[in-house]
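Subject: Structure handover

Hi,

My notes follow below it.

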Amino acid sequence: MPLPANVDFAAGACLGIPALTAIHAVNLFGDVRGKTLIVIGAGASVGHYVTQIAKARGARVIATASASRAAHARAAGADFVIDYKAKDVAATVKGLTAGKGADGLIDMDLYSTTSIISNGALAPHGKIVCYGSSMQGDIPVSFPTLLWNSLTLQVFVVYELLSKDRETAIAQLTTMLEKNSLKHAIGERFALRDIVAAHEAVERGDIIGNVILDIA
């Protein structure tokens with residue numbers, strides 16, 4: 001895909017799968033103006049874009065992130081960031097929504113957030129959109145919770161988008177890029193000759209943002 005003239009290749013390297021995943025996830029909620037969305041992992045690549053896109057469309061975003069990535073999630077526009085390692089996410093969400101719960105949840109790991117759903121983080125008729133999981137096998141989900149709250153669970157993988165959905169997402173992203181409406185998180189840059197160090201940096205998992213290779 002051609003990049004708009006105002007977007008450099010380092011930013012382009014950040015886009016691809018994360019931004020396409022993020023914008024399609026938000027698209028699955030339709031009009032989000034005035035809605036409250038929980039964004040799981042707002043300090044990570046996809047969640048950082050999800051937060052920006054949802055905020056640009058008028059949503060209130062309650063994000064989860066570790067303490068070390070909380071500032072990064074706030075920089076994306078999150079209205080409130082929950083340290084999921086230190087706080088009860090479902091209880092905090094209910095407190096922030098006067099007991100109602102959020103209208104939707106965008107999830108990077110269904111396995112770890114099933115308890116959030118079961119403990120009332122979503123309002124009746126809410127929706128869960130999930131694009132991944134750390135669990136390779138079956139994941140238990142509380143059917144009574146889904147049933148008696150009329151919740152919708154929708155999952156997708158970005159590689160399998162329908163052509164019309166992919167075209168819509170790309171067009172929307174291009175418009176945002178042309179308007180400089182997206183921040184791209186570049187955590188560290190390496191020359192190609194230092195690719196081993198770049199891989200090691202990714203494996204450590206302590207860099208906030210994307211690791212970029214500069215190819216001269």
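Helix 5 gives the largest share of the lining of the largest pocket, four residues. This is a predicted model. The pocket holds about 410 Å³ of space. Its lining counts 21 residues, and the closest to the centre are Ile-40, Gly-41, Thr-64, Tyr-84 and Ser-112. Strand 2 (60–65), helix 4 (89–96) and helix 5 (110–118) each give two or more residues to that lining.

Next, Lys-127. This residue sits in strand 5 (residues 122–130). Lys-127 is buried, yet has no salt bridge. The nearest side chain of opposite charge is Asp-165, 11 Å away. A salt bridge needs the two groups within 4 Å. What the Lys-127 side chain does have is a polar contact of 3.1 Å with the side chain of Gln-154. Beyond four places in sequence, Lys-127 also touches residues including Leu-28, Phe-29, Asp-103 and Thr-152.

Now the salt bridges. The structure holds six. Three of them:

- Arg-33 and Asp-31 meet at 2.6 Å, N to O. Arg-33 is exposed, at 61% relative accessible area. Asp-31 is partly exposed, at 43%.
- Lys-55 and Asp-79 meet at 3.0 Å, N to O. The pair links distant parts of the chain, 24 residues apart: helix 2 (residues 45–56) and the loop between helix 3 (70–75) and strand 3 (80–83). Lys-55 is partly exposed, at 29%, and so is Asp-79, at 40%.
- Arg-189 and Asp-214 meet at 2.8 Å, N to O. Here strand 7 (residues 186–191) is linked to strand 8 (residues 210–214), with the two residues 25 apart.

Best wishes

Technical notes: Residues numbered from 1 in each chain as written. Predicted model: local features only at pLDDT ≥ 70, side-chain atom pairs only at ≥ 80, totals over all residues. Heavy atoms only, no water. Buried < 20%, exposed > 50% of the residue type's maximum accessible area, 1.4 Å probe, protein only. Lys, Arg positive; Asp, Glu negative; His and termini not counted. Polar contact = N/O pair within 3.5 Å; in protein donor to acceptor, adjacent residues only side chain to side chain. Contact = heavy atoms within 4.5 Å. 1 Å grid on protein atoms, 1.4 Å probe; cavity = no way out; pocket = protein on both sides within 12 Å on 5 of 7 lines; lining within 4 Å. Points joined across faces, edges and corners; volume = space filled by probe spheres on them.
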